[in-house]
Structures are given as structure tokens and as C-alpha cells.
Amino acid sequence: MRQITYLDDVEIVNKTILLRVDFNVGIDQYKHTISDEQRIMQAIPTIKLLLQNKNKIILISHLGRPKGQFEKKYSLEIVIEKLQEIFPILKFTLVRDFLTEESNTFKHQQNDEIIVLENIRFYKEEKANDKQFAKKLAELGDVYINDAFSVCHREDASVTGLPKLLTSYGGLLLKKEVTALKKILQSPKKPVLAIVGGSKIDTKIKVLERLIDLADNLFVGGALGNTLLHAKGVDIKNSLYEQNCIDMAKFLLEKSEKLGKKILLPVDCVYEDKNKINTSTVSDLESLPKDKAIFDIGPKTILMLNDLIEKSKTIIWNGPLGFFENQLFRNGTISVFESIANSRDKISVIGGGDTINAISGLKQNNITHISTGGGAMLEFIEKGTLPGIEALKR
């Protein structure tokens with residue numbers, strides 16, 4: 001049976017390692033500082049183990065969504081500054097373009113030096129999974145290690161192309177992610193509560209179907225919840241929802257009813273009161289004024305979720321439950337997180353880029369695992385594997 005060999009299953013010494021990480025961190029555009037460094041910190045154990053065994057490391061990552069060309073705001077310079085803080089005795093060398101860089105840069109790499117290739121998505125060949133581009137990358141190292149679970153759902157050159165060309169392994173973070181998710185999929189402690197927020201029901205319909213089967217209780221909030229409420233016949237007034245996805249929403253509601261697993265939806269909400277500066281107002285859904293929009297879940301919904309959290313043994317959460325970027329509408333997301341974090345004797349897995357940003361800086365206490373992946377986590381729940389994981393199997 002084909003399977004992944006992970007970094008801690010083998011001894012790799014004195015090699016040049018192409019290490020695919022995901023340093024796609026949150027950036028404060030006004031201060032130009034890293035607002036959430038979790039993705040960097042979670043890759044540190046793999047980097048330390050490789051250095052301990054006298055390996056030379058060439059880091060490969062992306063940042064943001066550049067369109068196959070250089071964009072200054074997406075340079076990895078800001079990431080290197082953080083890495084230098086973490087490893088003050090090491091030298092970090094940013095290679096602006098590995099395709100034109102002098103070979104001596106790589107040939108004379110020192111043991112205390114980590115080379116960082118500039119944002120791999122500055123090359124259009126990365127997203128195209130170009131074979132020749134992958135071959136040029138492979139020529140830089142001896143061994144490939146994927147420690148970027150959050151991009152394993154992508155069939156990019158640095159994710160699925162490189163493993164075909166080099167001896168390849170999974171990193172420590174990848175192992176941690178896969179182990180945590182397999183545990184909740186294959187042998188979850190019952191009852192299971194799944195909480196899904198955010199938007200784009202068309203991209204999440206398959207995972208929602210999977211969660212209807214897997215979970216004892218499925219709560220849907222955010223813009224996703226609005227779409228399901230509308231499909232159910234609830235008047236959500238001026239709230240954001242996906243009109244073109246109403247049929248999908250109705251299908252999900254019908255499937256859950258047939259299985260006797262009712263999808264749980266918000267019962268109250270918070271809307272903006274524009275007549276008062278920096279003020280929000282709580283309302284039951286049926287009392288929502290006609291010109292208002294749902295921006296967060298209300299206190300009754302929070303109490304309902306707290307009760308479900310208390311009764312559950314396994315909790316899966318992906319996607320914020322409100323417009324958390326605005327302080328007025330982050331209470332629902334924060335309250336639910338704190339309820340999970342303060343619960344004992346539960347298996348809890350939380351993921352999604354927006355969710356991680358929303359809870360950044362909060363005490364994680366009893367959270368079992370915070371996934372670095374959003375789309376990757378959802379696709380893994382849906383399919384049980386990912387292209388980047390399959391590419392590592394031998």
C-alpha cells in the first residue's frame with residue numbers, strides 16, 4: 001500500500017533540501033507588519049530538525065495572490081525579517097529569481113545560511129504546473145519536503161510537480177495536520193458538532209454533504225447561513241446571500257431532513273445601527289428591519305452553540321460566523337471560539353484563513369489542533385486526501 005514517509009521516519013543528513021512551506025501570512029496593509037505569524041511558527045520544528053542534521057535548506061513559499069508576475073507588496077522580504085528574529089544566528093538570503101541567479105549562490109551555500117526563493121507565485125509556471133519549471137526547481141536540491149498542508153489541494157509545480165522529480169517526504173507539520181484530520185474522520189468521538197461559516201456555498205457543497213453524514217449536529221452561519229435561511233423561506237431582508245446557489249441550499253436542507261439530521265441555523269442576529277455611531281443592534285430574525293442586514297450571530301444563537309459545544313465530544317469548525325473584520329460584528333466568532341477553547345475532554349479542530357485571523361492572539365487553551373489550511377482542510381474532510389499528499393506517496 002502506497003503511503004507517505006515523514007521526516008521523522010527517516011534520517012536525512014548533509015543534503016540540500018527543497019522545503020515547501022506556506023508562509024502566506026496575514027499582513028497589516030497600513031503598518032506593513034505581519035498580523036498573524038502562525039503559519040511561520042508551525043513550520044519551525046521541521047526547519048530546526050533539518051538544521052540539526054546539518055542539512056542546507058532552500059525555502060519555497062508563496063504570499064498573497066500575485067498574477068504570475070512580480071508585485072512588491074507580495075515579496076517575501078517581510079517573512080525573512082520574521083525568520084531572522086526567530087533564528088538570529090542564521091543568515092537568510094533572498095533569491096529574487098532562481099532562474100537567472102548565478103549558480104554560485106546555491107553552490108556555495110553555507111551551513112548557517114538558509115536560502116529563500118522569492119514568492120513562487122511570481123512565476124506563471126507555478127500555477128500551470130509546468131514540467132520544465134518544476135525540473136529547474138528540482139535541480140537546486142537533493143531532497144524535497146512538503147510541509148505546506150494548506151496548499152496540498154493545489155496541483156502546482158512546487159506541490160505536485162517536484163515530488164515526481166526528487167526523493168520526497170512529508171514534513172512534521174504536514175504529519176500533524178493529516179493525523180489530526182484523519183482522527184476526526186475515521187474514529188470521531190460522538191457526538192460530533194460541525195460549525196461552518198464564511199461564504200461560497202458552491203465551493204463548499206460537497207464538504208457540507210460530507211458533514212451531514214459525519215456530524216450529529218451541523219451548524220451553518222455567516223453568508224452561508226444567510227443563503228440557507230433564504231432557501232428555507234426566512235426573510236433575511238437586506239442581508240448578503242448567494243442568489244444563484246438557492247437550489248444547492250434547498251438540496252442540502254432536503255438531504256439533511258431525509259437523514260434526520262436537521263441543519264441548524266442562526267435564530268437571531270446583530271445588525272448595524274447607522275443612526276448611532278459605532279453601534280450594533282440585536283434582533284430576532286423575524287424582527288429584522290426591512291432595510292437592515294445580518295452581520296453577526298446574536299446572543300440566542302451563541303447560547304445554542306455553547307450548549308451544543310458542551311454536549312459534543314468532537315468539534316470541527318471552519319469559517320467565521322460574522323463580519324469579524326469590524327469590531328462590532330466579531331463577538332459571535334470570538335464567543336464560540338472561547339467556548340471551545342474553555343471546554344475540556346473534547347477533540348477540536350479549527351481551520352480556515354479567515355477563522356485563524358479572527359482568533360489571532362487569543363488563548364488556545366484546550367484546542368486540539370488549529371489547521372493552517374482553509375480550503376485544504378475542507379477538501380481533506382470531503383475526500384480524505386489531497387493532490388499534494390498523493391504526490392508524496394510511494
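I started with Asp345, which counts as exposed because its relative accessibility is 69% (exposed is over 50%, buried under 20%, partly exposed in between, with a 1.4 Å probe and protein chains only). This is a predicted model, where local features need pLDDT of at least 70, side-chain atom pairs count only at pLDDT 80 or more, and totals for chains, interfaces and linings use all residues. For my own bookkeeping, residues are numbered from 1 along each chain as its sequence is written, and side-chain values use heavy atoms, with hydrogens and water left out.

**Positive phi**

I looked up the backbone of Asp345 next: phi is positive, about 60 degrees, although the residue is not a glycine. Asp345 lies in the loop between H12 and strand E16 (347–351). Helices here are DSSP runs of H or I with at least four residues, strands are runs of E with at least two, and both are numbered from the N terminus.

Asn14 is another non-glycine with a positive phi, near 55 degrees. I found Asn14 in the segment before strand E1 (16–20). Is Asn14 buried or exposed? Its relative accessibility is 54%, so Asn14 counts as exposed.

I jotted down the background too: most residues other than glycine have a negative phi, and most peptide bonds are trans.

**A cis bond**

Which way does the peptide bond from Lys190 to Pro191 go, cis or trans? I read it as cis, with omega near -5 degrees. Pro191 sits in the loop between helix H7 (172–186) and E9.

**Helix H9**

I then checked H9 (residues 222–231) and found nine of its 10 residues buried. Among them are Leu224, Asn226, Thr227 and Leu228. The buried residues pack against strands E9 (192–196), E10 (217–220) and E11 (263–264), plus helices H8 (201–214) and H10 (246–258). Contact means heavy atoms within 4.5 Å. After H9 comes Gly233, with a positive phi near 100 degrees.

**H11 against H12**

Last, I took H11 (residues 299–311) and H12 (residues 331–341): they pack at about 20 degrees with axes 10 Å apart. So H11 is roughly parallel to H12 (under 35 degrees is roughly parallel, over 145 roughly antiparallel, 65 to 115 roughly perpendicular, the rest oblique). The axes are lines fitted to C-alpha atoms over the stretch in contact, and angles run from 0 to 180 degrees between N-to-C directions.

Which residues of H11 meet H12? I listed Ile302, Leu305, Asn306 and Ile309 from H11, with partners in H12 including Ser335, Val336 and Ile340.
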